[in-house]
Amino acid sequence: MIFTLLTFLVSSFLFLTSPGTDIRIWMANSVIITQHREWAWIFVGTAQRDSMVSEMHQFIEENAEEKQQFSLIKHQPVQTIATRKNRTIDELIKVEDISGTFWKGKRMYVYDPKSIRLMTPAKAGEGEKISAMVKRTGAVAGVNAGGFDDPEGLGNGFAAIGAIISGGEVIYTDQESNTPQHIVGFTKDGTLVIGKYNMFELKEMGISEAASFYPRVIANGKPLPINDVSRAPRTAIAQKADGTVIFIIVDGRQTHSVGATLKEIQDIFLAENVINAGFLDGGASSELVVNGELVTKPSSRYGERRLPSAYLVYDHPEDAVANRVWDGLTTINAGGAFDHPDFLKEQAARKTNPKAATTPTTTPTKPVEPVKPTQTGAGTTTNGAGSKPAGSTETTTPAQKDNKTSVSPAPNSTTDPAKDVTKPVTSTGNPQQGNNPAGTGSTGSTATTPGTNTMPAAGTTAPANATPTGTSPTVPTTADPSIKVPAGGTLAPADNIAPPITPPASSDANVKSPAPVTAPVSDSTTKTTPAADTSVKTTAPVTAPTTTTPAANAPTGASNAAPLTVSPVTPVTPVAPTTPAAP
């Protein structure tokens, strides 16, 4: 009787009063940016949930439109590599505690932006913990960078989403060269670039380091609108007029720190008078490592996560070389509960001593029927809820008994050197939901590149109408030696938030979209794994010999453009599993 009365009173407050409505909307926002966004209907209903997801997607895309004014950054002179002495950690960075009403975190200043390098894992097949990256490469500090496909919140951190650029070379990408992607990166001169750009534009700007995520919250010194009020673990980045880079890492989803809102982080950056600011992957991936030691508290119950990319700070960044761990692979396994070492160890302990095991478990779910994606524009598709909301990376994918999508490698992918025309590649696969609050999208069920796809010569930009057609973009192989197109999983940051909603499965505070995997195909033949097949494999980039060509005609403020190279690959449309429970 008491329980029934209490339920009636609480329900009446939440659904019949103005303060209760505000609480329900806040709770719905908090769910939308996780890997379980479909459950937001409990608080606001299906129609309003879909509307909220669509509005979040719109603000992310609009905030990415304004082009940067490079002249606003006046870099301080630094000694050349040949003349400068070794720098101490205090000369490179400064780390301090920060906090808000409901959160605690760290703020790190990096005085020389050119000391920052994008680093990748040590070996193929799995990501790497940032503490291990820092120790292995001799870095001073490191923070998490781009998003990744994260089945069941237990991914292995290897199925990267979006673009990964290091040392001026495109190490990984899952989009056509002329398809804009959400980018957080640095030029060769150390200018922070945040926004949505294609590979041709990045090459002209002289981008040296980059990963994919969003949203952008400050552009050219002006605050941008934010409509996401959720709290979550966050990783954010900004740059002041003198070139100083500021990282903010906030703990969340814990008793000592619930998490920060995007607006709270934006206000901190505005107080610092930064010129540009945006977010990197968030949620359980948010962390800061200094001198090889983890100084924040990730929300993952297993501690540090394996990640596909990280921004590390070096005294001698020229000596740090990112591994091309995706080159030459024929499949990419995103991992999951079936092969997560800590999860399997936990399950074994439960069987041995059921009473001693108290940690919540995550078990794979039965396969579900994926929602058919809808086309929202050139080079962009939506898959149910589509992309993730601002601030974290989470992915939603159809559940499978394992996480592999079977694909057939292209034995003889050819191009016509005389015409510099790429051969069309067709791939099929089940749609996946995007990882989107600050980050990624999804691919359609069947993607076909145009019959011909001419790649612009070095120093030129792709025409406005050059966006590929089809429900999901694929990466072509090009004969142009100045641009090598790599392959990878799938990024469609913020490109897929739209109803209906598909169950998500990603890394955290921002919903990530699973990386599509494209099967290289010879000529026009397409092979698809039968629907009944419970094993799913995803293809990875097939790389050809790479070359480097210096970028020409760099825009004002982006002189000495770093050569941007892309390795030929064939992207694949991935099929990922549905996550049963958040870690």
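This is a predicted model: local features need pLDDT of at least 70, side-chain atom pairs count only at pLDDT 80 or more; totals for chains, interfaces and linings use all residues.
Visitor: What makes the nonpolar surface patch?
Guide: The patch is made by L5, F8 and L9 and has an area of about 330 Å²; of these residues, L5 is found in helix 1.

Visitor: Switching to charges, how many salt bridges does the structure hold?
Guide: The structure holds 21 salt bridges. One of them joins the side chains of R49 and D50, with an N to O distance of 3.0 Å.

Visitor: Is that pair buried or exposed?
Guide: R49 counts as buried because its relative accessible area is 7%, and D50 is buried as well, with a relative accessible area of 12%, where the cut-off for buried is under 20%.

Visitor: Which salt bridge involves K196?
Guide: The side chain of K196 meets that of E61 at 2.6 Å, N to O. K196 lies in strand 8 (residues 192-197) while E61 lies in helix 4 (residues 46-63), so this pair ties together parts that are 135 residues apart in sequence. Both K196 and E61 are buried.

Visitor: What about K222, which partner does it have?
Guide: K222 forms a salt bridge with E66, and the N to O distance is 3.2 Å. Because K222 lies in strand 11 (residues 222-223) and E66 in the loop between helix 4 and helix 5 (89-92), the pair ties together parts 156 residues apart in sequence. K222 is partly exposed, at 43% relative accessibility, and E66 is also partly exposed, with a relative accessible area of 25%.

Visitor: New topic, the backbone: where is the cis peptide bond?
Guide: The bond from Y214 to P215 is cis, and its omega is near 10°. P215 has its place in the loop between strand 9 (207-211) and strand 10 (216-219).

Visitor: Which residues have a positive phi without being glycine?
Guide: Among them are E152, with a phi of about 60°, and N273, whose phi is near 60°.

Visitor: Where do they sit, and is each one buried or exposed?
Guide: E152 is found in the loop between strand 4 (141-144) and strand 5 (164-166), and it counts as buried because its relative accessibility is 3%. N273, by contrast, lies in the loop between helix 8 (262-271) and strand 14 (274-279), and at 60% relative accessibility N273 counts as exposed.

Visitor: One last thing, how far apart are S99 and S257?
Guide: In sequence they are 158 residues apart, whereas in space their C-alpha atoms are 8.9 Å apart. S99 belongs to strand 1 (residues 93-99) and counts as exposed, because its relative accessibility is 52% and the cut-off for exposed is over 50%.

Definitions and conventions. Residues are numbered from 1 along each chain as its sequence is written. Side-chain values use heavy atoms; hydrogens and water are left out. Patches are made of residues with over 30% relative accessible area and no salt bridge: like charges are joined within 9 Å, nonpolar side chains (Val, Leu, Ile, Met, Phe, Trp, Tyr) within 5 Å. Accessible areas come from the Shrake-Rupley method with a 1.4 Å probe; for residues, only the protein chains shown count as cover. A salt bridge is a side-chain nitrogen of Lys or Arg within 4 Å of a carboxyl oxygen of Asp or Glu. Helices (H or I, at least four residues) and strands (E, at least two) are DSSP runs, numbered from the N terminus. Buried means under 20% relative accessible area, exposed over 50%, partly exposed in between (1.4 Å probe, protein chains only).
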